[in-house]
Every structure is written in C-alpha cells, then in structure tokens.
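Good morning, colleagues. I shall speak briefly about one structure, beginning with a helix and then turning to the ligand. Please look at the display as I begin.

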Amino acid sequence: MDDARKAYGSMGKDIQDILIPAETLQKRIADLGRQISLDYLGLNPLVVGVLKGVLFFMADLLRNITIPMEMDFIAVSSYSAEARDQGYVRMVKDLETPIHGRHVLFLEDVIDTGLTLNYILQNLRARQPASLEVCVLFNKPEHRLINIPLKYKGFDLPDQFVVGYGLDYREKYRNLPFIGVLNAEVLKR
Ligand code: PRP
C-alpha cells in the first residue's frame, strides 16, 4: 500500500485506489483560487458554501483567493430519499448575510443529479444578488437530471463510489486528504 493510504490506517485499507492524490487536488484548487481572484477583483464577493461536504474545499480554496471577500454557509437536508429524487430539499441553516445586490459565488463539493444545486440556486436567485455563479470541485455528469452552468469546475468524476476530501460513506472518510475509490466489501458491511 502507498504511504498516503498507510497514514490513514484502517480507513486507508478500505480504499481500493487513490483516484485523485492530495497534491493534484491542491494544485487544481490553487488554479481555481487564482482565476476567481482575477474575475472578482474589486467586487467583494460573498462566497457561500453548503455544509458539510464543502468544508475542506472551501477552506483550501479561500486560502488561495487573494482579494477581499466574505463567506457564509447554508445547510440543506432531504425530507426523504423520494422527496430528494423529486428535487425537494429543506434548508436547515440559512445565510446570515443579506445577498441583495451582492456578487455571490456558490461553492459545492459535488454535483450529481443537480437537484440539490438547482433548488439552492432558485432560492438564492429570488433574493436578487447582483450575480450568482457556481464553483463545483467534483462533477459527476452520469446521473445529471438538470443542466446547470458551472462557471468553475475542478474535476470530472467517474460513476464510482468515491470518498475523501469531504465526501463520505455513512459520514466517514471525509477527512482523507485525497479522493479514493471505496472497496466493494466496505459497501456490503
Ligand atoms: C452532496 C453535495 C450536494 C449533493 C449533490 O451532499 O454536497 O449537496 O450531494 O447531489 P445531487 O446533485 O444529486 O443533488 P450530501 O447530501 O452528500 O451531504 P453532505 O455534503 O453533508 O455530505
């Protein structure tokens, strides 16, 4: 086993392959930070993240943004699996900052069907921000149901069960610094 997985003991053993190493993630995030700093110069953007998966990405991206900015969070939760499939999500934590007339950059860790993002964007758009753009670290295009323009995108991910860097399996593995494919046996446990 490679050192990156070894360092994480039993969690490392549950990882079949490292799909995106930590260094590759950090390099791409630095590029995104540079681009966002250029695009939003003088606009004092409000960067909004959706908990919890975005935590690691948001912390690393914001450290690579070199212009003045502010940040805020929302949290959403599905009513049920069925409701989620129909695009209904519930906002369990709203923004503290009014966004009317602000330049808002919305951060997501992963977009899969697009239903969650679509709901959130509709909600935020109704508050009439000056602009509203999306920055997604991981794009899973295979199951997309709604096409949403992504101004900034980190990586396309294949249709595999991946964990790490904020992505979980039953709330675990978020703290791995890389993106790894979970062993099939773990999913059967
Ligand atoms: C992830 C992600 C999005 C959603 C994307 O959240 O942060 O909110 O899934 O999926 P979709 O495009 O199919 O709607 P998750 O429910 O895993 O919550 P977490 O961030 O707390 O892990």
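In which helix is Ser 37 found? Ser 37 is found in helix 3; helices (H or I, at least four residues) and strands (E, at least two) are DSSP runs, numbered from the N terminus.

Two remarks on the basis of this talk. This is a predicted model, in which local features need pLDDT of at least 70 and side-chain atom pairs count only at pLDDT 80 or more, while totals for chains, interfaces and linings use all residues. Residues are numbered from 1 along each chain as its sequence is written, and side-chain values use heavy atoms, with hydrogens and water left out.

Ser 37 is buried, with a relative accessible area of 6%. Here buried means under 20% relative accessible area, exposed over 50%, and partly exposed in between (1.4 Å probe, protein chains only). Not counting residues up to four places away in sequence, Ser 37 touches Asn 64, Ile 65, Thr 66 and Ile 67, where contact means heavy atoms within 4.5 Å. A polar atom of the Ser 37 side chain lies 3.0 Å from the backbone nitrogen of Thr 66.

Let us consider helix 3 as a whole. Its buried residues are Ala 22, Leu 25, Ile 29, Ala 30, Leu 32, Gly 33, Ile 36 and Ser 37. Seen down the axis of helix 3, these buried residues fall within an arc of 165 degrees, so they line one face of the helix; the arc is that of the directions from the helix axis to the C-beta atoms. The face turned away from the buried side carries the exposed residues Glu 23, Lys 27, Arg 34 and Leu 38. Cover for the buried residues of helix 3 includes strand 1 (15-20), helix 4 (55-63) and strand 5 (103-111), among others.

Strand 5 leads us to the ligand. Strand 5 gives the most to the shell around the ligand, with four residues. Strand 5 and helix 6 (115-125) each supply at least two residues of that shell.

Which atoms of the protein lie close to oxygen atoms of the ligand? A polar side-chain atom of Glu 108 lies 2.8 Å from a ligand oxygen. A polar backbone atom of Gly 114 is 2.7 Å from an oxygen atom of the ligand. For Arg 174, an N or O atom in the side chain is 2.8 Å from a ligand oxygen. Taken alone the ligand exposes 500 Å², and the protein buries 81% of that; these areas come from the Shrake-Rupley method with a 1.4 Å probe.

Terms used
Polar contact = N/O pair within 3.5 Å; in protein donor to acceptor, adjacent residues only side chain to side chain.
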